[in-house]
Amino acid sequence: MSTTGATADPLAALGSLPGVADSVESVRKAVDRVYGHRIMRRRSNTVTGEAALRGSRGSAALSGADWALEEVRRRSDFSGDDEARVVGAALRLTAEAGQLLSIWRQSPLRVLARLHLVAAASNGDEVGRPRREGESVDEPLIELPLPSAAEVNGRLEGLSELIIAGSSAPALVTAAVVHGELLALRPFTSHNGLVARAAERIVLIGSGLDPKSVCPAEVGHAELGRAAYLAALEGYVSGTPEGMAAWIAHCGKAVELGVRESTAVCEALQRGAA
């Protein structure tokens, strides 16, 4: 996303793209419905815990580890193979995201570095910092052209400035841009998809749209499928108004599907079945 131009609030400008206002309103109504469920008044912590587990599973699935929910719930060791490590990283990121809300608006780059450190769970020199020129990226599921390290640094700084300055843009728009920009840049040598989706979660929670973290967009992204996810990302990377609007709408649909998942959890709890 370009952060230069005539408008002082480019994120807010995206909110006026055709169809975006409808997506924002649809997401708001969906979120309000699940927050109004009677179970949320009595057992919101349980719903939050389930949303975290299901969101982690969804994010891992998009990164190539498509495990059944019960397998994620059952396992305690996530060090056995590549897929297990991906699931473990997704679980750690979801747990960490809630601890970083107060830092995000002051230092988003610090938060992103922390997220990568948590995901990688390694002491390697490449962990917790943007990649340098010549370093490769392990992100086989995203085959878009890889920006140079210099472009990554410049665009990360621009994104950070936008977050710190604040915006009147709806939370959905900001979350979609953060998510899309991180996927487009792949600023780290690994785990960029997991980090991007965790950052989207942080924006949705910290903005006040989903303060209890019960609307796991990762569930929706996984349900919509990897092909649709990548096609929508190509729209974002194109930078065209139509492409940007399509990406924001895709992210909005993912949130709505996350809401549907948590609504089902609420209904199960109400019936005494969970």
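I began with tryptophan 104, which, leaving aside its neighbours within four places in sequence, is in contact with Val111, Leu112, Ile163, Val178, Ala199, Ile202 and Val203. Contact here means heavy atoms within 4.5 Å. A note on what I am looking at: this is a predicted model, where local features need pLDDT of at least 70, side-chain atom pairs count only at pLDDT 80 or more, and totals for chains, interfaces and linings use all residues. Residues are numbered from 1 along each chain as its sequence is written, and side-chain values use heavy atoms, with hydrogens and water left out.

**Entry: the core**

I looked up the largest nonpolar core and found 83 residues; Trp104, Leu112, Leu115, Val178, Trp247 and Val255 touch the most other members. Such a core is a set of buried Ala, Val, Leu, Ile, Met, Phe, Trp, Tyr and Cys residues joined through side-chain atoms within 4.5 Å. Buried means under 20% relative accessible area, exposed means over 50%, and partly exposed is in between (1.4 Å probe, protein chains only).

Is serine 23 buried or exposed? Serine 23 counts as buried because its relative accessibility is 13%. I found serine 23 in helix α2 (residues 20-35); helices are DSSP runs (H or I, at least four residues) numbered from the N terminus. Not counting residues up to four places away in sequence, serine 23 touches Leu172 and Ala249.

Rolling a probe the size of a water molecule over the atoms shows where empty space is left. On a 1 Å grid over the protein atoms alone, a cavity is a set of points where a 1.4 Å probe fits but cannot get out, while a pocket is an open set with protein on both sides within 12 Å along at least five of seven lines; lining residues have an atom within 4 Å of a point. Grid points are joined across faces, edges and corners, and a volume is the space filled by probe spheres set on the points.

I counted 2 cavities of 30 Å³ or more. The largest cavity holds about 60 Å³, and its lining includes Ser56, Ala90, Arg197 and Glu218. The second largest cavity has about 40 Å³; α10 gives the most to its lining, with 5 residues.

The largest pocket has about 510 Å³ of space. Of its 27 lining residues, Ser63, Asp82, Val86, Asp138 and His191 lie nearest the centre. Helix α5 gives the most to this pocket's lining, with 5 residues.

**Entry: charge pairs**

Side chains of opposite charge can pair when their charged atoms come close. I found 17 salt bridges, each being a side-chain nitrogen of Lys or Arg within 4 Å of a carboxyl oxygen of Asp or Glu.

Arginine 54 and glutamate 261 form one of them (2.9 Å, N to O). Arginine 54 is in helix α3 and glutamate 261 in helix α13 (residues 241-271), so the pair ties together parts that are 207 residues apart in sequence. Arginine 54 is buried at 19% relative accessibility, and glutamate 261 is partly exposed at 24%.

I also looked at arginine 74 and glutamate 71, which meet in a salt bridge (2.9 Å, N to O). These two are separated by about one helical turn, because they are 3 residues apart in helix α4 (residues 69-74).

Last, I noted arginine 132 and aspartate 125, whose closest N and O atoms are 3.3 Å apart in their salt bridge. Salt bridges that share partners join Glu50, Arg54, Glu70, Arg73 and Glu261 into one network.
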